[in-house]
Each structure stands twice: as C-alpha cells, then as structure tokens.
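Subject: A structure for you to look at

Hi there,

Here is the structure I promised to pass on. Please open it next to this email and follow along as you read.

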Amino acid sequence: MPETAAPIGLSWAPKLPSFATTSGGSKSDHAPNPSAAQGSLWNRASDLVDGLFVAPRDPRQLNKLARKNVKDTAGKGWFDMPAPTITPELKKDLEILQLRHVIDPKRHFKRAGKSKALPKYFQVGTVVEPASEFYSSRLKNRERKATLVDELLSDQSLKSYRMRKVREIQEIRTPGGNQKWKNKGKKTLKRAKDRRK
C-alpha cells in the first residue's frame with residue numbers, strides 16, 4: 001500500500017493501520033482519500049518554499065507580521081506596562097473604582113470622566129502598612145478580603161450608608177397620591193372608604 005508523504009513542518013497525523021473488513025470489498029476501500037488529506041493541510045504555494053514557510057519580501061507584510069508579534073504594552077513612558085487579562089473579579093473592582101465618588105460620604109473624588117470604558121493598561125497591588133500604623137490604620141486579617149468589592153460589601157458603616165441612600169432615593173421616586181392602590185387584600189375597599197371620611 002503506497003503512502004503519500006505530507007509536506008514537512010505543516011501537519012501531523014498518526015499513522016493508523018487500516019483494518020480489513022470481513023465482507024468482500026474492493027481494493028478502493030483501503031486506498032487513502034487524497035482530497036481529504038490535502039483539504040486539512042495549509043498549502044499556499046506563495047508562502048512555501050520546499051514545504052517551509054519563508055517570510056514575505058514586501059515590507060508592508062513584514063511590518064504587519066512584526067506588529068502581530070509585539071507584546072501589548074503601554075509604551076516606554078509607562079515602563080512597558082502590560083495589558084492584563086480582565087477577569088470578572090478585576091472587572092468588578094474597576095467598576096467600583098469608577099464609582100468611588102459615591103461610595104463614601106466623607107471623601108470627595110474627582111470623577112474619572114464621562115467615558116464608561118474600563119482602562120486597558122493598569123496594575124493591581126497590595127498596600128503594605130508601616131509598623132507605625134499597626135494600631136491606627138491597619139486592616140486586620142479578618143477584614144482583609146480577596147477583592148475590593150468583597151471588602152466594601154462587608155463594611156458595616158458603608159452598608160448602613162448605602163441602605164439609607166437607597167431608602168432616600170426610593171422615597172423621592174415613589175409617585176404620591178396613589179397610596180390606596182398599594183393596600184392590597186380583602187379590606188382594600190374598606191380602607192379606601194375610611195380614608196375618604
């Protein structure tokens with residue numbers, strides 16, 4: 001059985017033995033299908049020389065290939081800061097940082113801008129307190145959480161402030177004058193009659 005040689009360096013497939021069938025089949029059943037083998041190979045004749053890839057001579061195509069291979073960084077002015085992969089936890093932390101002007105009533109921050117897009121280049125670090133702040137402004141181990149969102153959600157003072165603000169907004173936005181429609185149940189009409197008196 002003659003085997004066709006694949007071009008060098010382009011593809012690999014395990015050589016499986018052909019199993020003979022017990023029924024009387026013709027020899028054409030055992031022959032490899034050349035169209036199926038060639039369809040799975042990458043064979044652009046312009047890019048291959050003796051079955052090997054050769055870089056194009058056109059400078060525009062060379063620049064395009066070089067741009068694909070360059071790492072995505074912020075540049076030399078930012079010490080080649082890489083663009084990190086954004087996980088769901090990082091995305092939530094970045095969204096919380098954009099809303100930091102609403103989190104604490106005592107602190108006032110400059111807004112990040114009207115753009116709601118998340119930054120592309122950033123780094124995340126851990127604040128290490130000096131020994132002099134051991135009692136004053138240090139987070140205890142039980143207060144430390146995995147993400148910034150978890151820390152903010154576990155803070156009791158922030159929780160009470162958030163609940164108060166939500167209540168205020170709900171009071172402002174509830175429509176007035178239709179309290180009788182909110183009383184639902186069997187005695188609704190009786191309550192409405194009592195209110196009319």
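Which helix do the buried residues of α3 pack against? They pack against α5 (148-154), where contact means heavy atoms within 4.5 Å.

Before going further, please keep in mind that this is a predicted model, in which local features need pLDDT of at least 70 and side-chain atom pairs count only at pLDDT 80 or more, while totals for chains, interfaces and linings use all residues. Residues are numbered from 1 along each chain as its sequence is written, and side-chain values use heavy atoms, with hydrogens and water left out. Helices (H or I, at least four residues) are DSSP runs, numbered from the N terminus.

**Helix α3**

Helix α3 spans residues 88-98, and its buried residues are Leu90, Asp93 and Leu94. They sit on the same side of α3, because they cover an arc of only 100° around the axis. That arc is taken from the directions from the helix axis to the C-beta atoms. Look at the other side of α3 and you will find Pro88 and Lys92, which are exposed. As for the words, buried means under 20% relative accessible area, exposed means over 50%, and partly exposed is in between (1.4 Å probe, protein chains only).

**Salt bridges**

Next come the salt bridges (a side-chain nitrogen of Lys or Arg within 4 Å of a carboxyl oxygen of Asp or Glu). How many are there by this rule? The count comes to four.

One of them joins the side chains of Arg144 and Glu129, at 3.4 Å from N to O. Both residues lie in the loop between α4 (100-103) and α5, so the pair ties together parts that are 15 residues apart in sequence. Arg144 is partly exposed, at 34% relative accessible area, and Glu129 is partly exposed too, at 22%.

Now move to helix α6 (residues 156-173), where Glu168 and Arg164 lie four residues apart, about one turn of the helix. Their side chains form a salt bridge of 3.3 Å, N to O. Glu168 also meets Lys165 in a salt bridge, at 3.4 Å from N to O; these two lie three residues apart in α6, again about one turn.

Happy exploring!
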